[in-house]
Amino acid sequence: MNTEKDFTPLTPNIVRALNDKLYEKRKVAALEIEKLVREFVAQNNSAQIRHIIQILASEFALSQHPHSRKGGLIGLAACSIALGKDSGLYLKELIDPVLTCFNDSDSRLRYYACEALYNIVKVARGAVLPHFNVLFDGLSKLAADPDPNVKSGSELLDRLLKDIVTESNKFDLVAFVPLLRERIYSNNQYARQFIISWIHVLESVPDINLLDYLPEILDGLFQILGDSSKEIRRMCEMVLGEFLKEIKKNPSSVKFAEMANILVIHCQVSDESKSTNDLIQLTAMTWMREFIQLAGRVVLPYSSGILTAVLPCLSYDDRKKSTKEVASACNHSLMKLVTPEDDEDDEDTQTKSSPPSDEAPAKKEGDLNDSLNESQESVGFSNISFFTPTTSDRSAVTLDLDGIVQVLDRHLQDSSTGMMTRIAVLKWLYHLYIKTPCKMFKHTDSLFPMLLKTLSDESDEVILKDLEVLAEIASSPAGQTDTSGSCDNSDAKSELHIPGGIRDGPQMVVGSKMADLSPSTPSMNSYFYKFMINLLKRFSIERKLLEMRGVFIIRQLCLLLHAENIFHSMADILLKEEDLKFASTMVQTLNTILLTSAELFQLRNQLKDLHTQESCALFCCLYRSWCHNPVATVSLCFLTQNYRHAYDLIQKFGNLEVTVDFLMEVDKLVQLIESPIFTYLRLQLLDVEHNPYLIKALYGLLMLLPQSQAFQLLSHRLSCVPNPELMRTVEDPKAPVKDKRTAQPHLEYSDLLQHFDRVQSKHLEVRHQRAGRSEYPDRKLMM
């Protein structure tokens, strides 16, 4: 330093002492400066005061010599002490050079700078608040200082500054929030601890409403919640807990939409092995649950983002049980918000909407959208719509149905999706079809293939929910359209031909086609027939599905939809099935369900007595498809008490190819005859003179069977028939034979027999062709 330079009004002795390496001499110089400044204050000589501060700052505090810098710092502190309350007039000149020394490489000098600033702030008190941002910025750097002495000094200054902010009502929160938002993303643990402590202090001040600016710092708080330090995580949890309590107290002033974006991001865990990430996810999910419950329908436009975050959590195991339970609560609460109102047109909704909310800052919206885009890419849902803050242009609460369906469809298609998540997805789809059928049917064509594929799921519970959705699609009035894809395909829709006078019976509209059906059954929409066609096609392609789950699926459908509709449509479709082997297998499956399932009790009763044209029409429809399987056809005749026709059919069995599989089916029929389903048939054996064809039909089955257990069972049953002489077929006028042919003149049984012959001829031809192509033809029993 140039000692010959004029430092007036500082004396040469003061200048020399300020440059001394000994602290005691610099302290003596500081006392002299304090005395000098007091004199100028008394004289009201502000020019000289500023001159002294300028000299101490530029010539000493910002000097290249370390001892001079130390002297300048203590000198500036002495000026502040001397100025007292008037120091507020010179704070910028006093603070700036001290803050510059915070960046000095010498830790001792950083400590002296911290000490000097402490003295300046202690004197000025509330007057320093206009300079709070620069003070906070400097302190945030010292909080992470590697030197323990410097860190200790900064903590003293920090506590002093917190006291000043707490007791003042002039704190400029608007100016401070941008700096806080910037500093909150520091990765240094001490800096994070410093930030959290300040947020906690500001949150506790009644006159400072930090909740209004929570969207600015919430993401940073969740970042800090993942810190490796247990103490920092505890502090952050406490701060977030206080914020959540305040949100519950004042929900009307909360900007739910702006913060929900952040929650969606943090509800998704990228590394499940980290316990800190689990804490972040659980906390974010808890906030999400509260947001849904507090905001109500306000969150509906953002449902797709919430579901993206919530659905995967539903499949967590017991290790993350808490998160799973909270996610389940979120899912349930969100589902309850969807009402029939959401099925109205958007224009109608906007007409009824409330006034628009305040427009969110443009920069804030952009930042949130950028962070969302990064999150979407990281979790593999780049095309899914997340939350977007509400603006003045968005005046209506509109359900984001397109986004929801996209999210649900993606989770359903993802093979890694857990069972509980798949169930939740199907529950959502069912709920949406119930509450918003008109809008949902716009998505049915895209959802339908995946819903059919889900029938092959390993879980019975998933299949049950899937069938509920498909049944709702097939039966909802909203699905009745003039054009419905494959339902209008004349190749796919086979027309039922009923013999005789039944042709003019009642009909049901399916798409643009007419299908004969009883008017007593509830009408199905245009998707019903499409569902039946595709279900049978899937059974044909996946024979294992038919074998393992076919009966289960059809029985459940009979509960969810009307059993008569199911059997009528399937029989109608099978009538034109080109794969005759599959048709035979499918008829056998349907016949077993018809004869054994409790769900089909009403349908069996309807077929048992063919007293109406509708029941006759149903019998004819089933019969024509049942002809693909001879034994099933006979069992249908037994069920409908068409015993003479059954006898006629059995007579034709001699012309059929009798295989082991055929005899096994006859064996099963004998077992069924002994079941409770055919109790009425066995009792009719007591009335021999009225039921001779029943007995002859049973004897016909007996003659078909080899010497087996079934043969012995049926033989023993027939041996119990009283007075075998009454089995003669000569009709006695005194004892007329009961015959369905007399009771139902509408049924042309000769046509039915001819149809049976034609179908079996086709089966025989196909078997011969297959045997010719195969090295190992079908096994045939040597009679």
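The side chain of arginine 289 meets that of glutamate 290 in a salt bridge with an N to O distance of 3.3 Å, a salt bridge being a side-chain nitrogen of Lys or Arg within 4 Å of a carboxyl oxygen of Asp or Glu; glutamate 290 itself, at 9% relative accessibility, counts as buried. Salt bridges that share partners also join Asp137, Lys141, Glu182 and Arg183 into one network, and the count by this rule comes to 29 salt bridges.

The structure is a predicted model, in which local features need pLDDT of at least 70 and side-chain atom pairs count only at pLDDT 80 or more, whereas totals for chains, interfaces and linings use all residues. Residues are numbered from 1 along each chain as its sequence is written, and side-chain values use heavy atoms, with hydrogens and water left out.

A further salt bridge links lysine 92 to aspartate 96, the closest N and O atoms being 3.0 Å apart. These two residues are separated by about one helical turn because they lie four residues apart in helix α5 (residues 91-100), helices being DSSP runs of H or I of at least four residues, numbered from the N terminus. Lysine 92 is exposed at 52%, while aspartate 96 is partly exposed at 32% relative accessibility. Lysine 25, partly exposed at 42% relative accessibility, forms a salt bridge with aspartate 20 (3.7 Å, N to O).

Note on methods
Buried < 20%, exposed > 50% of the residue type's maximum accessible area, 1.4 Å probe, protein only.
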